[in-house]
Amino acid sequence: MKITIDGVEIPIKEGQTILEAARDSDIYIPTLCAHKELPAFGACRLCVVKVDKMRGFPPACSTPATDGMIVHSDEKEVRKLRRNILRLILIEHPHSCIVCSERADCESIRGGPVKAGRITGCSMCPNRETCEIREVSHYLGISDMEIPMEYKGLPLERYDPFFDRDYNLCILCGRCVRMCQQIRGVGAIAFTKRSHNTKVGTIFGRTHLEGACRFCGACIDACPTGALSPKGSKWHGKADSSVESICTFCSMNCAMVLEEKWGRVMAAIPDRNKEYSRAYACVYGRFCIPAFLNDPNRLHYPLIRKGGRLSPVSWEEAFRYIGDSLKRFAPEEIGFLVSPYLTNESAYLLNKLSRDVIGSHNIDMISKFGRMVIQYLAEKGRASSSWTTLEDVEKADWIMLINNDMVFTHPGMPVAIHKARENGARIMIVDDSKNELEVESDMQVRIEPGSLRTFLAALTKLLMNNIKVTELEELDSFIDFRRSLDGLKLIDAVRSTGVLEKQFSAIEGTMRTSKKGVIMVGSRIMEDPVPTQILGEINNVLTILGMDRGFIPLLEEGNIRGIADSGCINGFRPGYVRDRTSGKDYLRMITGIRRGDVQALFISEGSIPPEHIRGAKFIVLSEIYPTDLDSMADVILPSAVFSEESGHYTSFDGRVWNLRKAAEPPGSALPEWKIISGIGKNLGGDGFEYGSSEDIWKEMEENIDFFKKDGRPPVPERKELLSVSEPGSIHLSEQMPYVVRYRGTPIHELVEDLRTYLEENDRIPREEDESAVEEAQREVV
Amino acid sequence: MGMKTEYNDEWMQRMIEGHGHDIKNLIPILQATQEEYGYLPSAAISTTAEELQISEDVIFGVATFYTHFKFTKPGRHIIRTCMGTACFVKEADNLLELLRDRLGIEPGQTTSDGMISLERVACLGCCALAPTIVIDDEVYGKMTSNMLTKLLDEIIDEKGPKEQ
Ligand code: SF4
Ligand code: SF4
Ligand code: SF4
Ligand code: FES
Ligand code: FES
């Protein structure tokens, strides 16, 4: 199928509009309200074209292309019409600079926008470099305006965290509103009032902080004008350079373009060119990266404790000192506690350093939930296979969300769930406390705290009643499993969970409709004294349903998956090859320190409670900011952050991403792989001679099946059943809500606006309450 | 005009149940709400948002599109000034200014004691009488500042003794 635009024949696809077909063939048609990720809206009329045998001037963005159509876009009559339409739009948009005769000279002199209270022209607009109004004005050659401008005189909205709003620049294209409602599934903003008084706003003009806004910034990135602008990065003008990288704050690893200016990362913008993940980026990735990475407290130089005081030294001296000191300990007296934010390459080298060079098998990850889950899966032989992915989520027929706070821990995930729901998935929430996504779900089941196991057991029993499981009966574990279910009566489960019988059967019925389902579970299951029991019972459910995929643990830390893949998990070498020599895991190392079995530690982030490591004789700490552990460390090594090195990260679903260097580290800080290599070489180890992190990755790809392309085995069949626990409620241990961090430092500690947002949502104690909390903690310790 | 029922969340939920939890029923639900309470109480918007699983902001956006919907409890007396073409030509804006000044509120608002609401309307269909003002369903034509002041005095006086 083909159409002709201005005499050029171009192919069209089924269901495409004229605009989409034109864009696919790189033919420019001016637009303002159209957006690649949004359905056509047809509001601005700038895209009008002439079509043979059609009356009037149809808009290209919402007119379907049909075979043989003859379209005229770049034609005098059409251009004139578009020019007049744009003039009408410009009446209400400050346009003095657009029609100014001195424009070219002015812009060559003024490199960036002039900071001003109110924006009354492009020269004062932070959006100047990427403005679509300027682009279309230029294309249409607008050089004069016969009608005077009408400034709306609306108050500036500068009272919310993260971004400012100046609706005097707004052209009512609705891109922000549609983005927020249709893609993010939030609906924090809407068109209010009508005709002349129409304005994008919130209910009763409430602030975004009080309202539903999640501060993802998707509206800013969708806005063609400067009406919406990020507070933190609006005035620096054009970036000096930019690289395609990712956000490392949570395990979703959203693709980001990092913009560098004057040697620093100044902004991180969701990478719109990546089909996958472009829509997900959230408040952490969109707004917090520059402020978090550029804090003046970053560590600059290696420090060694001499006579009780930490003093700066050269790297050679630090490496030598570490080498000499470590030699005083037996291999099994040395432990490695690994940050889940290191690159895969660094993790691989740490495994080499500890297991091969030093001969210590005490190596584990600093993490609670992620460590528990991955260890569990690795023991079951399931960690090395490909995991359930974001695409599986988007295409699922049902999704069950168990005990999680993803709106704050993985704010990108609700976007995928919204998409799934638009595609017809049923969303079921099973939670023992309030879940922010309740308004976006089809079924909400609030279970009694401590009754999750009973809920899962009862669900299992119902499924067993309705599904033939002849194959499973041959399993060794079947008899015990069956027997454990016998004792369970639905009526008791109803009583202890608080879930009605009809809710149980509605859930069970939904799950039986399709094997394309996903169960997501969050870190609040860590309140259970034996969380692996819950994982086992979830596995029961999936096994009975005959699903070999469909489990998503909401892993928190940015590269927890990747460092486990690369060998920093207890009992497994890179690629989940069993380590033949056993070593201590995190908890055994902690108790080992108390007993004196473990005496020296290499720790790569300072998030561990100091009590855990008290008593260790020699502590090397690599980190990016000062932490509570500093007073105990013998050596502190300044590490580079993710924007200052290259390497690879693996997201929660097993996707491998490139980190790319955008700026230099401060002072003499080094990427972690160089630090580890330096220590390795000083201990006389071979295999630390790398020119770049790329060399390490090559070695991993060559030597480890897991990292080879298509090297991961298929998902093993889920053949195991776990006896369910006795019905009744479990005593839960209380947990602080997880706060998003990087290399051990909570993001909100360095980003004031994030603190405001999290406080407002009760994710962190309010500043005035904080001293009270500290007081209480001191008493516990 | 005047006092309608107090807000009742159960009534609200039953009413929504009756319409069905579908976003396409939003307008009828809002209409029923206004019918019952005389305006859209913010608690009613919250409940509607929860039941229909859309945000309050979206509801607000829809509701503000129609001038019919009110967000503040109507006062005991409602004063409507016509701002249609004919009345405008006859300087109705002076009357509005007077009302604003005297009542201390903008059109669309109600005095803090809940006594008087001020509204502006587009043409009442009796342009021959311009400028026109409607007070509680009674139409006053060929209005002057003096007459309006007297009428206001009457309303405000009436309120006086009742409050004591
Ligand atoms: S920041 Fe995100 S949630 Fe807030 S209004 Fe914009 S798109 Fe909506
Ligand atoms: S704020 Fe921007 S995106 Fe939103 S309607 Fe106005 S111009 Fe369009
Ligand atoms: S924190 Fe997670 S969801 Fe948010 S931008 Fe970063 S990777 Fe994406
Ligand atoms: S882009 Fe087609 S109408 Fe706006
Ligand atoms: S314009 Fe006021 S009644 Fe018609």
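## The shell around ligand 3

The shell around ligand 3 holds 10 nonpolar residues, four polar residues and no charged ones. This is a predicted model. Of the 14 residues around this ligand, the nearest are Cys247(A), Cys250(A), Cys254(A), Gly285(A) and Gly412(A).

Where does ligand 3 lie relative to domain 1 and domain 3 of chain A? It lies between them, because domain 1 (241-293) and domain 3 (389-549) both give residues to its shell.

## The shell around ligand 1

Ligand 1 is surrounded by 14 residues. Closest to it are Cys180(A), Ala188(A), Cys213(A), Cys216(A) and Cys219(A). Two helices of chain A give two or more residues each to this shell: helix H5 (175-183) and helix H6 (218-222).

The shell around ligand 3, for its part, has four polar residues and no charged ones.

## Domains of chain A

Chain A is assigned four stretches or sets of stretches as domains. Domain 1 covers 241-293. Domain 2 is made of 303-366 and 560-707. Domain 3 spans 389-549, and domain 4 runs over 751-780.

How many Å separate the centres of domain 2 and domain 4 of chain A? Taken over C-alpha atoms, the separation is 31 Å.

## An open sheet in chain A

Four strands of chain A form an open sheet. Their order is E2-E1-E4-E3, with mixed pairing. Strand E2 (8-11) and strand E3 (50-51) are the edge strands. Each of these two pairs on one side only.

Within the sheet, which sense does the pairing of strand E1 and strand E4 of chain A take, parallel or antiparallel? Strand E1 (residues 2-5) and strand E4 (residues 70-72) pair in the parallel sense, over two bridges. Thr4(A) has Ile70(A), in E4(A), as its bridge partner.

## Chain B

Chain B has seven helices and four strands. Along the sequence, the pattern reads α-α-α-α-β-α-α-β-β-β-α. The C-alpha atoms fill a box of roughly 50 × 40 × 20 Å, taken along the principal axes of chain B.

What share of the 164 residues of chain B counts as buried? The figure is 28%. Contacts in chain B can also be sorted by sequence separation. Among those between residues at least 6 apart in sequence, 64% join residues at least 24 apart.

How values were computed
Residues are numbered from 1 along each chain as its sequence is written. Chains are lettered from A and ligands numbered from 1 in the order in which they are written. This is a predicted model: local features need pLDDT of at least 70, side-chain atom pairs count only at pLDDT 80 or more; totals for chains, interfaces and linings use all residues. Domain bounds come from an automatic or database domain assignment. Two strands pair if DSSP finds at least two bridges between them. A residue is near a molecule or strand if its C-beta atom, placed from the backbone, lies within 6 Å of it. Ala, Val, Leu, Ile, Met, Phe, Trp, Tyr, Cys and Pro count as nonpolar, Asp, Glu, Lys and Arg as charged, and the others, Gly among them, as polar. A residue is buried if 20 or more other C-beta atoms lie within 10 Å of its own, exposed if 12 or fewer, and partly exposed in between; C-beta atoms are placed from the backbone. Two residues are in contact if their C-beta atoms, placed from the backbone, lie within 7 Å.
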